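Work through the exercises below with the structure open beside you. Try each task before reading its solution.

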Amino acid sequence: MATLAAPALEFARLPHPAPASAEQRAEVLANPGFGTNFSDHMVSIEWTEGLGWHDATIGPRQPITLDPACAVLHYAQEIFEGLKAYRQADGGIALFRPEANAARFNSSARRLAMPELPEDLFVESVRQIVAADREWFPTVEGGSLYLRPFMFASETFLGVRPSKQYKYLVIASPAGNYFKSGSPAVSIWVSRDYTRAAPGGTGAAKCGGNYAASLVPQAEAIERGHDQVVFLDAAEHKWVEELGGMNLYFVFDDGSLVTPALTGTILPGITRDSLLTLARDEGLSVREERYSLDQWREDAGSGKLVECFACGTAAVVTPVGKVAGHDGEFTIGSGGPGQLTQRLKDRLVAIQRGQAADPHGWVMKLG
Ligand SMILES: *Cc1c(COP(=O)(O)O)cnc(C)c1O
């Protein structure tokens, strides 16, 4: 089990003067949805040039006031993370690999010319909000408390250079099962006219700007009757990269798997990384390599490709049943959820929820 290091900063604790009533909370927790309901508290920590990180607070969740010239509103210097706290089989609460989120947050910070947050402080901030809002765990099957740490340039300044002030906040949102009943297979649309990330760009950083750029292609996918957009590489427009917010895996008839290699334009998902380890634990061969759209189509047609799935913290593992593009569409396997997809998902979820052994020390119990 991972251990907690001492926090680098003391948190001022300001309990909410008027938290949601037990009735209001119960109503939300019985049907939480995703990303629309929020807990009572938030973490905030300030960074100022010369002073570093200061004023760590766990206090009431409330609106923040920004000057119209606040740097983030103009040049999008912003990064975020997404992780979940899980109710355990024994009634306790645990985080899943929060140090991996802390490390990725700092790698995003470096790319966006922002200050790094000590990893201990990141983990402690997440611990603080879970402790303050432990009444906010959904009562529904598959529910969790989704945590959103983020940082933005808060200096009032219109010049183009890194900000001299930043705000780091953590908010929490009770989340239900991403899909109401199990995981239906989704249909994905191959974007021809748009790319997500170019070599040398910000594709490997978890920054809001990447998402802003993905909204038009995602809307195009929806308009054409599909669920998600899949992006090809920007240079050759040939290699399959990832969805707008999820990584991809391909499963072959010999039981081996392929996931696109982390070339710098793909977001290094923690779910992707965990599944890589779990599949190898099972003795499966997993190759991290380039996989082209042409190969994808050919392998689906010949039956060599038997399953395909997308993965990420929010939806965990989502089977891909159909792929469509400007030059036609193809079905993968039966078009429904595959067996290996389901088994890997069950294995991961069981570890996250304390229902299975944790051989890699991924689960951080919070008591
Ligand atoms: C967050 C994210 C993922 C998934 O990462 P996880 O750590 O597994 O949640 C994949 N792709 C993009 C673009 C993302 O922003």
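**Exercise 1: the ligand**

A polar side-chain atom of Thr313 is 2.6 Å away from an oxygen atom of the ligand. The model is a predicted one.

Solution. Step 2: look at the polar atoms. Lys206 has a polar side-chain atom 2.7 Å from an oxygen atom of the ligand. In the side chain of Arg104, an N or O atom is 2.8 Å from a ligand oxygen. Step 3: the ligand taken alone exposes 380 Å², and 96% of that is buried by the protein.

**Exercise 2: Arg97**

Task: Where is Arg97 found, and is Arg97 buried or exposed?

Solution. Step 1: find Arg97 in the loop between β6 (93-96) and α3 (98-111). Step 2: its relative accessible area is 14%. Buried means under 20%, so Arg97 is buried. Step 3: list its contacts. Leaving out residues up to four places away in sequence, Arg97 touches Ile270, Asp273, Ser274 and Trp362. With Ser274 there is a polar contact between the two side chains, at 2.9 Å.

**Exercise 3: a surface patch**

Task: Which residues make the nonpolar surface patch of about 240 Å²?

Solution. Step 1: the patch is made by Ile64, Leu66 and Leu73.

Terms used
Residues numbered from 1 in each chain as written. Predicted model: local features only at pLDDT ≥ 70, side-chain atom pairs only at ≥ 80, totals over all residues. Heavy atoms only, no water. Patch = residues over 30% accessible without salt bridge, like charges linked within 9 Å, V, L, I, M, F, W, Y side chains within 5 Å. Areas by Shrake-Rupley, 256 points an atom, 1.4 Å probe, with all protein chains shown as cover. Salt bridge = Lys/Arg side-chain N within 4 Å of Asp/Glu carboxyl O. Polar contact = N/O pair within 3.5 Å; in protein donor to acceptor, adjacent residues only side chain to side chain. Helix = DSSP H or I, 4+ residues; strand = E, 2+ residues; numbered from the N terminus. Buried < 20%, exposed > 50% of the residue type's maximum accessible area, 1.4 Å probe, protein only. Contact = heavy atoms within 4.5 Å.
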